[in-house]
Amino acid sequence: MPELPEVETIKRGLSPFLINARIKKLILRRKNLRFDFPEDFAEQVSGTKIVNVTRRAKYLLLELSSGKTLLSHLGMTGNYRFFNPEQPDEFEKHDHVVFELTSTNAPAPFLVYSDPRRFGFMDLFENGDDCKFLKHLGPEPLGNQLNASVLADGFAGRRGPVKTVLLDQKVLAGLGNIYVCEALFRAKIHPASSATSLVNAKQQKNDTRLEPLAIHIRQVLEEALDAGGSTLKDYKSVEGETGYFQHSFDVYGREDENCRTPDCAGTIERMVQAGRSSFFCPRCQPL
Ligand SMILES: [Zn+2]
């Protein structure tokens, strides 16, 4: 599943080719993805120019000359590629949305959105504050918005496990399962620790774990971004390259393997929290 670093990698791959490109025609090859397309979607997008390509959480955003923004979520298996078909109908079965581009330096005239499992979706909005997918999102975990007080605000009064609270998009936007596991390991916080206990500990004992946690979240995301993201199943960048951050995981997917902390004799364990696997070292991350 593409997480924030993978979506950011795709955004950076698409931006130089799409900014200032005109969408001559938007071709929908089925009537829905995970959700129905917005009403008159093809008509509203066809003929507009792409003014900017941005990202919010795990959403890729194409800002259009019409003043509207096209939102794209990649679900589990969504991906974009440039394509130059030799025959007009040479698209593949899972190529659901095709952007025909003009006056662009793109490598091919068609940008194709393909999504075998169809958990991705698209939307079109005028104002982000009105977009149901964006309006409740918390701060971005990349960049300077994230610090200990942002985490303290998000954790206050939340008795649930810190792992689950960090996945809440209202607390932090776009942080996914892999990178939460890795950041908690680096910060030496057990995934089942109650989120609010970290805030209370900070208030009572001047516990200093929130600031390092904020730093580790940002660092693990930045390292993943530098590695072009993580490729677990079929994620690829726009250029068709796989990311390689998966080789740097300390805990994710490493159940029963030795902890990588020097001098730690611990073994990585897996537990299921809110239906998602958490990986941790019980010695480095005591409860
Ligand atoms: Zn350890």
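Is C264 buried or exposed? I looked it up to get started: C264 has 19% relative accessibility, so it counts as buried. The cut-offs I use are under 20% relative accessible area for buried, over 50% for exposed and partly exposed in between, with a 1.4 Å probe and protein chains only.

**Ground rules.** I am working with a predicted model, in which local features need pLDDT of at least 70, side-chain atom pairs count only at pLDDT 80 or more, and totals for chains, interfaces and linings use all residues. Residues are numbered from 1 along each chain as its sequence is written, and side-chain values use heavy atoms, with hydrogens and water left out.

**Entry: the zinc ion.** Next I asked which residues hold the zinc ion as donors. I found C259, C264, C281 and C284, each through its SG atom, at 2.2 to 2.4 Å from the ion. Donors here are N, O and S atoms within 2.8 Å of the metal (3.2 Å for Na, K and Ca); water is not among the atoms, so sites may look incomplete. I noted the spacing of these donor residues along the sequence as C-x4-C-x16-C-x2-C. The angles among the four donor atoms run from 106 to 114°, and the site is tetrahedral. For that label, four donors need all angles between 85 and 135 degrees. I also checked C259, which is buried at 8% relative accessibility.

Entry: I then looked at D250 and R260, which form a salt bridge with their closest N and O atoms 4.0 Å apart. A salt bridge means a side-chain nitrogen of Lys or Arg within 4 Å of a carboxyl oxygen of Asp or Glu. Both D250 and R260 lie in the loop between α7 (210-226) and β9 (269-273), so the pair ties together parts that are 10 residues apart in sequence. Helices (H or I, at least four residues) and strands (E, at least two) are DSSP runs, numbered from the N terminus. D250 counts as buried at 17% relative accessibility, whereas R260 is partly exposed at 43%.

**Entry: helix α7.** How far apart are the end C-alpha atoms of α7? I read 24 Å, which agrees with the 24 Å that its 17 residues should span. The expected span is 1.5 Å times one less than the number of residues. The buried residues of α7 include L210, L213, H216 and L221. Just after α7 I came to G228, with a positive phi of about 75°.

**Entry: helix α1.** I moved on to α1, residues 4-18, where the 15 residues should span 21 Å and the end C-alpha atoms are 20 Å apart, which agrees. In α1, 12 of the 15 residues are buried, so the helix is largely enclosed by the rest of the structure. Among the buried ones I listed L4, V7, I10, L14 and L18. N20 follows α1 and has a positive phi, near 80°.

**Entry: E8 and its partners.** Which side chain meets E8 in a salt bridge at 2.8 Å, N to O? I found R12, and the two are four residues apart in α1, separated by about one helical turn. E8 is itself buried, at 6% relative accessible area. E8 also forms a salt bridge with R55, with the closest N and O atoms 2.5 Å apart. Since E8 is in α1 and R55 in strand β2 (residues 50-56), the pair ties together parts 47 residues apart in sequence. R55 is buried too, at 14%.

**Entry: E140.** I placed E140 in the loop between β8 (121-125) and α3 (148-155), where it is buried at 8% relative accessible area. Its contacts (heavy atoms within 4.5 Å), leaving aside neighbours within four places in sequence, include L4, R55, R56 and A173. For the whole structure I noted 12 salt bridges.

**Entry: strand β7.** Last, I turned to β7, residues 110-114. Five of its five residues are buried, so the strand is largely enclosed by the rest of the structure. F110, V112 and S114 cover one side, with L111 and Y113 on the other. Strand β5 (residues 79-83) pairs with β7 in the antiparallel sense over five bridges; pairing takes at least two DSSP bridges. R81 has V112 as its bridge partner. Strand β6 (residues 95-102) also runs antiparallel to β7, joined by five bridges, and there E100 stands opposite F110.

Methods
Tetrahedral: all angles 85-135°; square planar, octahedral: opposite > 155°, others 65-115°.
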